[in-house]
Amino acid sequence: MEEVLIQETSHTKSFFSKNNTLALEKKLFQFLQEYSKRYESQAETRFLLRMGFLPPTHLHQQVIDSLYNYYDALEEILIEIFTNHKHSILTPVNEAVIAFIGLCDSVLVELLYSGNDRFQRRLNAFWKVYWQGIRFKEE
């Protein structure tokens, strides 16, 4: 599990580095879209998602501890991304990041339990509300 979490953290850093010039809205939405593609094509991504939401009873605490470390690293990465784009959001950076991670969890549960079609439906609905809630309104 630790190896997969290291790969996931590395992938996240690489994704945001490669997409550095995109607007925050596009960058974050594409990050979520790509996750569904990787879930369908990569066994490691499926393993991580399943272990994260359905850990075996005897490994529950070990899995949760590892995931909290991963979430801490993800939060640090996202804080940097959001801070670099703080001019485009109205919400405080920490709140926007925590809400984004919550949005991720929600749509990933949908991906795990219901598949890509329902994931897309939920993501599109959540995204509109999330982005309208944090974006800077130029009026």
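Reply:
**Helix packing**

Helix 4 and helix 5 pack at an angle of about 125°, with their axes 9 Å apart; here helices are DSSP runs (H or I, at least four residues) numbered from the N terminus, and axes are lines fitted to C-alpha atoms over the stretch in contact, with angles running from 0 to 180 degrees between N-to-C directions. The model is predicted, so local features need pLDDT of at least 70 and side-chain atom pairs count only at pLDDT 80 or more, whereas totals for chains, interfaces and linings use all residues. Residues are numbered from 1 along each chain as its sequence is written, and side-chain values use heavy atoms, with hydrogens and water left out.

At that angle helix 4 and helix 5 are therefore oblique to each other (under 35 degrees counts as roughly parallel, over 145 as roughly antiparallel, 65 to 115 as roughly perpendicular and the rest as oblique). Helix 4 passes helix 5 in a right-handed crossing, a term for the near helix being turned clockwise from the far one by less than a right angle, with left-handed meaning anticlockwise. On the helix 4 side the contact (heavy atoms within 4.5 Å) is made by Tyr71, Leu74, Glu75, Leu78, Ile79, Phe82 and Thr83, and helix 5 answers with Val93, Asn94, Ala96, Val97, Ile98, Phe100, Ile101 and Asp105. By class these are eleven nonpolar, two polar and two charged residues, where Ala, Val, Leu, Ile, Met, Phe, Trp, Tyr, Cys and Pro count as nonpolar, Asp, Glu, Lys and Arg as charged, and the others, Gly among them, as polar.

Helix 5 also packs against helix 3, at about 105° and with the axes 10 Å apart, and the two helices are therefore roughly perpendicular to each other. Leu49, Arg50 and Phe53 of helix 3 meet Asp105, Leu108, Val109, Leu111, Leu112 and Tyr113 of helix 5, a set that divides into seven nonpolar, no polar and two charged residues.

Four nonpolar, two polar and two charged residues make up the contact of helix 1 with helix 3.
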